[in-house]
Amino acid sequence: MTHVDLIIKGGTIITMDALYTIHEDSLLVVDQGRIVAICASSDCSYTAAKTIDATDCLVIPGLINTHTHLPMTYFRGLADDMVLQDWLQGYIWPLEAKLVKPQFVYDATLHGAAEMIKNGITLANDMYFHMGSIAEACTKAGFRVIISEALLDHAMSEEDRKTCIGTRLKALKAEYQDNDLISFSLAPHSIYTCTPATLKRCGEVAREHDWLVHMHLSETNQEVENCLKEHGKRPVEYLQDLGFLDSRCLFAHGIWLNDEELELLAKSHSAISVCTDSHLKLNSGFAPIRKMHEHGVTYSLGTDGVASNNNLDLLSELDYTAKLHKLLAGDTTFLPAREALAMVTRNAALALGMQERIGSLEAGKDADITILNTHDLECQPLYNPYSQIVYAMSSRQVRDVVIGGEVVLDGGHLTRVDEDELIDTAKRYRRDILSGINQ
């Protein structure tokens, strides 16, 4: 018998591999942070330091959230029911200028990472400030993250911008090279907050180091209209002319993309993160998922920040997205449950260039696993596990979460952070934030 770290037994294993294989009466075997095997219970040749009984559960790849702003957790509900630019310029950016310091970012990130874990999310692709604080907090929580510093020309000196684009990122990558949970990317905020020179330089540095670029794009119609006025072309065409699309890009939103732009994205190394709840709440529009699908553009799902969502329940977001886009397409067969689930698993991993490591439950991949409890009134009877996950389940059904082979949520309880302490800290910051608004 071979001794391993962890065995998950008794559940229905939804692998989300290329063949969408489902295993019943099988064991998922984990050792040293990776999946070693999926084998029939009757053929088991393993013993484990820890065994999780997943009877009456669905065992799925850890959910991947491809566009987030983790430290904005403390801005939840602060400025709702507003136009995007009023929300950004009147509330969010002024508050960030006053309040966002390394300790604030650490505390808010720890809260957000814990919340994501409780929602079954095992990886977030994040954009914010103070990358080191985000890395420390996610390490503390045992949460996997891709971290990028938002570049905004109006908020940074030329010297700081140059340092952030190259030197700082390289230093952090070197510092965390032995931390399997932490990765980094470049993040010019958007075409309307970064000059052509900044965007061009980001593309050059990203290609030089094979770094992912994470950026907001075509979130509002006004953004497109302004781009046409200032540059005489639409946003994707503008980026194409700057050589930006030669990099590996993950664009958040992509609501106002036309066919020609989608064709350019399909021919590049680009993917889109759709953020349905945020789009609806900010009245930004509807991402053209049907056309993305037709053009062969890789698309995934993100929650955006809590300030514009206002939750991190990626399963509920998946439900809304699948149903909404059936309506928009006028086709009930569009985005069926299995393909929808791929948006937060295998397709999300592809969008981030991490498909060799995560996104499906297969031997050799990182052991990022979410276990969903089906022993609930709203989850029975169960006929089709894909439709049950997408249309009937939410964060309420998340029971256990494993990241890199470590159990970070055990029976609904966080194992690495104190939830009550996080809540108390959030209440304390509420007073500071309200004070900042009133000054």
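Q: How large is the relative accessible area of H130, and is the residue buried, exposed or partly exposed?
A: The model is predicted: local features need pLDDT of at least 70, side-chain atom pairs count only at pLDDT 80 or more, and totals for chains, interfaces and linings use all residues. Buried means under 20% relative accessible area and exposed over 50%, with partly exposed in between (1.4 Å probe, protein chains only). H130 is partly exposed, at 28%.

Q: What is the phi of H130, a residue that is not a glycine?
A: First, its place: H130 sits in the loop between β9 (121-128) and α3. Helices here are DSSP runs of H or I with at least four residues, strands are runs of E with at least two, and both are numbered from the N terminus. H130 is not a glycine, yet its phi is positive, at about 55°.

Q: Which loop holds D210?
A: D210 is also worth a look in a backbone check, with a positive phi of about 55° although it is not a glycine. Its loop lies between α5 (196-209) and β12 (212-217).

Q: At roughly what angle do the axes of α2 and α3 cross?
A: Two packed helices are described by the angle and the distance between their axes. An axis is a line fitted to C-alpha atoms, for helices over the stretch in contact, and angles run from 0 to 180 degrees between N-to-C directions. The axes of α2 (residues 102-118) and α3 (residues 131-141) come within 8 Å and cross at roughly 40°.

Q: How many residues of the contact of α2 with α3 are nonpolar?
A: Contact means heavy atoms within 4.5 Å, and the residues making it include V105, L110 and I117 of α2 and I134, A137 and C138 of α3. Ala, Val, Leu, Ile, Met, Phe, Trp, Tyr, Cys and Pro count as nonpolar, Asp, Glu, Lys and Arg as charged, and the others, Gly among them, as polar. Alongside 2 polar and 2 charged residues, the nonpolar count is 10.

Q: Where in helix α1 does the kink lie?
A: The bend at a residue is the angle between axes fitted to the seven residues ending there and the seven starting there. In α1 (residues 84-99) the kink is about 35° and comes shortly before the proline P94. Its residue, which is among the buried ones of α1, is I92.

Q: In what order do the 4 strands of the open sheet run?
A: Two strands pair if DSSP finds at least two bridges between them. β1 (residues 2-9) is joined to β6 (residues 46-53) by 7 bridges in parallel, and to β4 (residues 26-31) by 4 bridges in the antiparallel sense. The edge strands, each pairing on one side only, are β5 (34-40) and β6. The pairing is mixed and the order is β5-β4-β1-β6.

Q: What is omega for the cis peptide bond that joins Q380 and P381?
A: P381 is placed in the loop between β16 (369-373) and α14 (385-392). A cis bond also runs from N309 to N310, with omega near 15°. For Q380 and P381, omega is about 0°.

Key. Residues are numbered from 1 along each chain as its sequence is written. Side-chain values use heavy atoms; hydrogens and water are left out.
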